[in-house]
Amino acid sequence: LMGMQEAIEQAIKSREILAISDPQTLAHVLTAGVQSSLNDPRLVISYEPSTLEAPRQAPALMNLTLEELIAGLQNGFRHEVLEGNVGYLRVDDIPGQEVMSKLRSFLAANVWRKLMGTSALVLDLRHCTGGHISGIPYVISYLHPGNTVLHVDTIYDRPSNTTTEIWTLPEVLGDNYGADKDVVVLTSGRTGGVAEDISYILKQMDRAIVVDERTVGGALDLQKLRIGQSEFFLTVPVSRSLGPLGKGSQTWEGSGVLPCVGTPAEQALEKALAILTLRRALPGVIQRLQEALREYYTLVDRVPALLHHLANMDLSSVVSEEDLVTKLNTGLQAVSEDPRLLVQVVRSKETSSGPEDEAEDPPEMVSEVPEDEAARRALVDSEFQECMHQTTIP
């Protein structure tokens, strides 16, 4: 707030601002001034004369029946099993602890049990613009592969001047999603608040690959405060994350969550499925590389070290063929001390975009990805078989 008092005094003395007669225009001018002075786009001043009327109070959650809670929940939840045995869970609103506790058995039996048998999971938060902070542990806990509770965030609340630690639940109803199963989180430029915190936590835990667009960079909790007795209101963030997983000042607020793989929102699911198809093929790729090294590599004394390296590679960050090839070449050449050991990605002439690409005359490759899951897996296998043939084995 340094300098804000001076900015306010200047605004009061400004004849130009005082001369604005239209309240909506004044609200826009004040918003621009506050956001510029504090460098925070989440601060908004609005003119809302209709809010002078007493708002209708929503019924308390404790007064709702189980059927009413389920009906409300289903408006913001959608789940199914996609081709390739990929679980899909779309969440448009994060319920709070009270709702989660009451619907725990329903969610476990009707949603989570159906997704537990899948080989990978896509968590779609592209349309989730908010939610309740107390609901964070319920989402994270089912995806936390560990057997112990984990401190995932600390939330500071300004009105009460208190901090609250967020931990995973000691146990969940049913089973946790397997640690060996991939999880992809879809985000968009609309994803905000609690959904951003969940995305960021899962990313920092190395539990999920975030795909799509940078999130909005909003706030965990926004409140609208009346300015005096006027018809003007100030929307202000009142809670903030102090750093998921105890990582200090690193946070998503203001800047948003940066995806691991950027892509337009409308293409995010297709991109996620392509990544999961590639990741399912990784064990087979590693196995074929091991076989090729055993059968062909002339520096026989270095083969055991290379096989050990391949068997223990961390492939959790691999989301593309380029990622995989870079990781393989860096590791294999370092272990073997042999720059001739090289894995290449096959590119087609159809994918070349300029004279330089044409001059390189890359090998042929199928440029279109089939929609059928079996065909996609066959394509990945065939491409990496070609990649194997391109591997230089002295």
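Reply: H7 and helix H8 (residues 194-204) pack with their axes 10 Å apart, at an angle of about 25 degrees. Axes here are lines fitted to C-alpha atoms, for helices over the stretch in contact, and angles run from 0 to 180 degrees between N-to-C directions. That makes H7 roughly parallel to H8, where under 35 degrees counts as roughly parallel, over 145 as roughly antiparallel, 65 to 115 as roughly perpendicular and the rest as oblique.

Me: What should I keep in mind about the model and the numbering?

Reply: It's a predicted model, so local features need pLDDT of at least 70 and side-chain atom pairs count only at pLDDT 80 or more, while totals for chains, interfaces and linings use all residues. Residues are numbered from 1 along each chain as its sequence is written, and side-chain values use heavy atoms, with hydrogens and water left out. Helices (H or I, at least four residues) and strands (E, at least two) are DSSP runs numbered from the N terminus.

Me: Back to H7 and H8: which residues make the contact?

Reply: From H7 there are Ile 136, Val 139, Ile 140 and Leu 143, and from H8 Val 194, Asp 197, Ile 198, Ile 201 and Leu 202. Contact means heavy atoms within 4.5 Å. By class that is 8 nonpolar, no polar and 1 charged. Nonpolar means Ala, Val, Leu, Ile, Met, Phe, Trp, Tyr, Cys and Pro, charged means Asp, Glu, Lys and Arg, and the others, Gly among them, are polar.

Me: Is the way H7 passes H8 left-handed or right-handed?

Reply: H7 passes H8 in a right-handed crossing. A crossing is right-handed if the near helix is turned clockwise from the far one by less than a right angle, and left-handed if anticlockwise.

Me: Now H9 and H10. At what angle do they cross?

Reply: Roughly 180 degrees, and the axes of helix H9 (residues 268-296) and H10 come within 10 Å. H9 and H10 are therefore roughly antiparallel to each other. H9 brings Ile 286, Leu 289, Gln 290, Leu 293 and Arg 294 to the contact, and H10 brings Val 303, Leu 306, Leu 307, Leu 310 and Ala 311.

Me: And H10 with H11?

Reply: Helix H10 (residues 303-311) and helix H11 (residues 321-336) have their axes 9 Å apart and pack at about 150 degrees. H10 and H11 are therefore roughly antiparallel too. Ala 305, Leu 306, His 309 and Leu 310 in H10 meet Leu 328, Gly 331, Leu 332, Val 335 and Ser 336 in H11.

Me: Switching topic: how many cavities turn up?

Reply: A search of the whole structure finds 2 cavities of 30 Å³ or more. On a 1 Å grid over the protein atoms alone, a cavity is a set of points where a 1.4 Å probe fits but cannot get out, and a pocket is an open set with protein on both sides within 12 Å along at least five of seven lines; lining residues have an atom within 4 Å of a point. Points are joined across faces, edges and corners, and a volume is the space filled by probe spheres set on them.

Me: What's the volume of the largest cavity?

Reply: About 310 Å³. Of its 17 lining residues, Leu 89, Trp 112, Tyr 138, Val 139 and Tyr 142 are closest to the centre.

Me: Which helix gives the most to that lining?

Reply: H6, with 5 residues.
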